[in-house]
Amino acid sequence: MQVDGGFEAIREAWRSDAGPRMQMLINGQWRDAQDDARFACYDPYAEQAWGSVPEASAGDVDAAVLAAHAAFNGPWRAVLPAARFALLRILADEVAQLAQE
């Protein structure tokens with residue numbers, strides 16, 4: 001990507017809405033940034049945007065930290081390590097299968 005005008009010009013170019021609009025997963029829900037700010041993700045080889053992601057604000061980060069803290073103190077904490085491993089292995093197998101499709 002060649003952009004004249006320094007960092008601000010690059011920052012504005014990265015706010016493109018090209019491609020799929022990804023979201024953040026916070027507390028089990030997919031959502032955009034609270035202020036709807038976004039920035040583009042670029043493929044450096046093709047030198048073009050392939051999609052955009054939310055630009056998280058301080059409020060988004062606070063919500064994510066609170067959700068993570070609640071999850072840490074939730075039922076997952078009581079699951080024995082061997083059971084966690086088995087569940088994560090099942091999840092990994094599912095992800096690998098989806099990647100092949």
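This is a predicted model: local features need pLDDT of at least 70, side-chain atom pairs count only at pLDDT 80 or more; totals for chains, interfaces and linings use all residues.
Biologist: Which elements make up the secondary structure of the protein?

Modeller: Count the elements, then read their order. There are three helices and four strands. From the N terminus the order is α-β-β-β-β-α-α.

Biologist: Why is strand 4 largely enclosed by the rest of the structure?

Modeller: Check burial residue by residue. Strand 4 covers residues 48-54, and five of its seven residues are buried, so the rest of the structure largely encloses this strand.

Biologist: How many bridges join strand 3 to strand 4, and which way do they run?

Modeller: Look for the bridges, then the direction. Strand 3, residues 38-43, is joined to strand 4 by six bridges, and the two run antiparallel. Arg38 stands opposite Pro54 of strand 4.

Biologist: What sits between the strands of that hairpin?

Modeller: Four residues separate strand 3 from strand 4.

Biologist: Where does Asp35 lie?

Modeller: In the loop between strand 2 (29-31) and strand 3. A polar atom of the Asp35 side chain lies 3.1 Å from the backbone nitrogen of Ala37. Now compare sequence with space. Asp35 and Asp60 are 25 residues apart in sequence, yet 9.3 Å apart from C-alpha to C-alpha.

Biologist: What share of the contacts with a separation of 6 or more comes from residues 24 or more positions apart?

Modeller: For this protein, the share is 44%.

Technical notes. Residues are numbered from 1 along each chain as its sequence is written. Side-chain values use heavy atoms; hydrogens and water are left out. Buried means under 20% relative accessible area, exposed over 50%, partly exposed in between (1.4 Å probe, protein chains only). Two strands pair if DSSP finds at least two bridges between them. A polar contact is a pair of N or O atoms within 3.5 Å; within protein, one must be able to donate a hydrogen and the other to accept it, and residues adjacent in sequence count only if both atoms are side-chain atoms. Contact means heavy atoms within 4.5 Å.
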